[in-house]
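Me: I am new to this structure and would be grateful for a close look at one part of it. Please take the annotated domain as the part, and follow its elements in a connected account.

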Amino acid sequence: MGNKILIIGACGQIGTELTLTLREKFGNENVVASDIREGNEQLMQTGPFEILDATNYKAIEDIVMHYEIDEVYLMAAMLSATAEKFPMRGWELNMNSLFNVLNLAKDKKISKLFWPSSIAVFGPTTPKLNTPQTTVMEPTTVYGISKQTGERWCEYYHEKYGVDVRSIRYPGLISYKTAPGGGTTDYAVEIFHEALNKQSYTSFLSEDTALPMMFMDDAIEATIRLMDADKESLSIKSSYNLGGISFTPKEIAESIKKHIPNFKIDYAPDFRQAIADSWPSSIDDSQAQKDWGWKHQFDLGKMTKAMLEGLRNL
Ligand SMILES: NC(=O)c1ccc[n+]([C@@H]2O[C@H](COP(=O)([O-])OP(=O)(O)OC[C@H]3O[C@@H](n4cnc5c(N)ncnc54)[C@H](O)[C@@H]3O)[C@@H](O)[C@H]2O)c1
């Protein structure tokens, strides 16, 4: 008996690659993708797909029953930059979707749940360098407030109802297969597209804004490794810090110049600068290393090479 998995929000930046990797691992028929819109061709053609609204409890329950699902990955959310424009919609989507899947697990309709948190749970009063797992958390964005609240509810459902919910505070994720969905770290993906198309890029963050980042392959590996870990080894019931690499727009531009020597960058910070300024620059993930053997593989140089090669071969 293999796992039967449902991914909600499967057509987004993380969901697409996560779905394809899980289909390889568990078999195409055992991984049901769902979203409020259709995804890319590969996602749609490799296994079951359902149109599903993450805020509709009954619709999720029907699909869980129909496919006899036992694990859910909830990837639907409104991300940081977009949620600043639509605060109430962001709050409602991020919280209602989480309650729906937590309640399914509480009622024993599924046995395990993955829900992503973010470095956005931290705020301007958090120590910026090597941010610890447990520290001051006073997020100042709608998105960060929703993720921090979500973490508290995950821990609550774990303690009160024995729900097996696992979570990672993803840093900014960098990928070439699927476009990012409205976050503050999107610049680090756009820069590669424009480096190849126009040999120049105008960054919406200032040159010295250091943020924690991670190549998508590492993020998918971390997610699957956490879900595979023995429950007893997991000491964090809210969400694990996950550090990858930390770099500034200037540093990523230098890394790209090693491959595209005439690449030019300039800077025109917009409203996203204030969001970035409230977040950590680097993350201490020693608890993830200790509990489930986490170690990232991609540094800035290796990621730059993988991004440029990946985009050229698309
Ligand atoms: N990408 C990052 O850098 C990053 C960093 C930290 C945390 N996260 C978290 O990871 C998760 C996935 O992020 P992502 O980057 O893939 O986001 P994304 O915006 O690329 O994808 C989200 C998907 O959810 C779908 N969706 C939106 N509303 C929905 C609804 N009501 N019902 C069903 N689906 C709906 C969208 O159509 C989209 O395909 C989110 O919880 C996000 O907060 C992402």
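Reply: For residues 5-243, an unreviewed UniProt entry lists the domain "NAD-dependent epimerase/dehydratase". The model examined here is a predicted one.

Six strands form an open sheet with parallel pairing, in the order β3-β2-β1-β4-β5-β7. Its edges are β3 (49-51) and β7 (165-166), each of which pairs on one side only. Strand β1, residues 5-8, pairs with β2 in the parallel sense over four bridges, and isoleucine 5 stands opposite valine 31 of β2.

Strand β2 itself covers residues 31-35, and five of its five residues are buried, so the strand is largely enclosed by the rest of the structure. Val31, Ala33 and Asp35 point one way from β2, while Val32 and Ser34 point the other way. Residues on both sides of the strand are buried.

Further along the sheet, strand β4 (residues 71-74) runs parallel to strand β5 (residues 112-114), and three bridges join them. Within this pair, valine 72 has leucine 113 of β5 as its bridge partner. Helix α5, residues 87-106, lies across β4, β5 and β7. The helix runs at about 170° to β4.

Glutamate 68 lies in the loop between α3 (57-67) and β4. The phi of glutamate 68 is near 55°, a positive value in a residue other than glycine. Most residues other than glycine have a negative phi. Glutamate 68 is exposed because 7 other C-beta atoms lie within 10 Å, and the limit for that class is 12 or fewer.

In α7, residues 187-198, the buried residues are Tyr187, Ala188, Val189, Ile191, Phe192 and Ala195. The cover over these residues includes β9, β10 (200-203), β11 (211-215), α9 (249-257) and α12 (300-312).

After α7 comes glutamine 199, placed in the loop between α7 and β10. Glutamine 199 has a positive phi of about 55° although it is not a glycine. With 13 C-beta neighbours inside 10 Å, glutamine 199 counts as partly exposed.

Strand β10 comes next in this account. Tyr201 and Ser203 form its covered face, whereas Ser200 and Thr202 form the uncovered one. β10 pairs with β14 in the parallel sense over four bridges, and the bridge partner of tyrosine 201 in β14 is isoleucine 265.

Two loop residues outside the listed range complete the account. Phenylalanine 271 lies in the loop between β14 (264-267) and α10 (272-277). Because phenylalanine 271 has 11 C-beta neighbours inside 10 Å, this residue counts as exposed. Phenylalanine 271 and leucine 205 are 66 residues apart in sequence, and their C-alpha atoms are 9.0 Å apart in space.

Serine 281 has its place in the loop between α10 and α11 (286-292). With 19 C-beta neighbours inside 10 Å, serine 281 counts as partly exposed, since a buried residue needs 20 or more. Leaving aside residues up to four places away in sequence, serine 281 touches Lys128, Leu129, Ala210, Leu211 and Ser246. The C-alpha atoms of serine 281 and serine 246 are separated by 6.6 Å, with the two serines 35 residues apart along the chain.

Terms used: Residues are numbered from 1 along each chain as its sequence is written. This is a predicted model: local features need pLDDT of at least 70, side-chain atom pairs count only at pLDDT 80 or more; totals for chains, interfaces and linings use all residues. Two strands pair if DSSP finds at least two bridges between them. Two residues are in contact if their C-beta atoms, placed from the backbone, lie within 7 Å. Axes are lines fitted to C-alpha atoms, for helices over the stretch in contact, and angles run from 0 to 180 degrees between N-to-C directions. UniProt positions are given in the numbering used here, feature names are shortened, and annotations may be inferred rather than shown by experiment.
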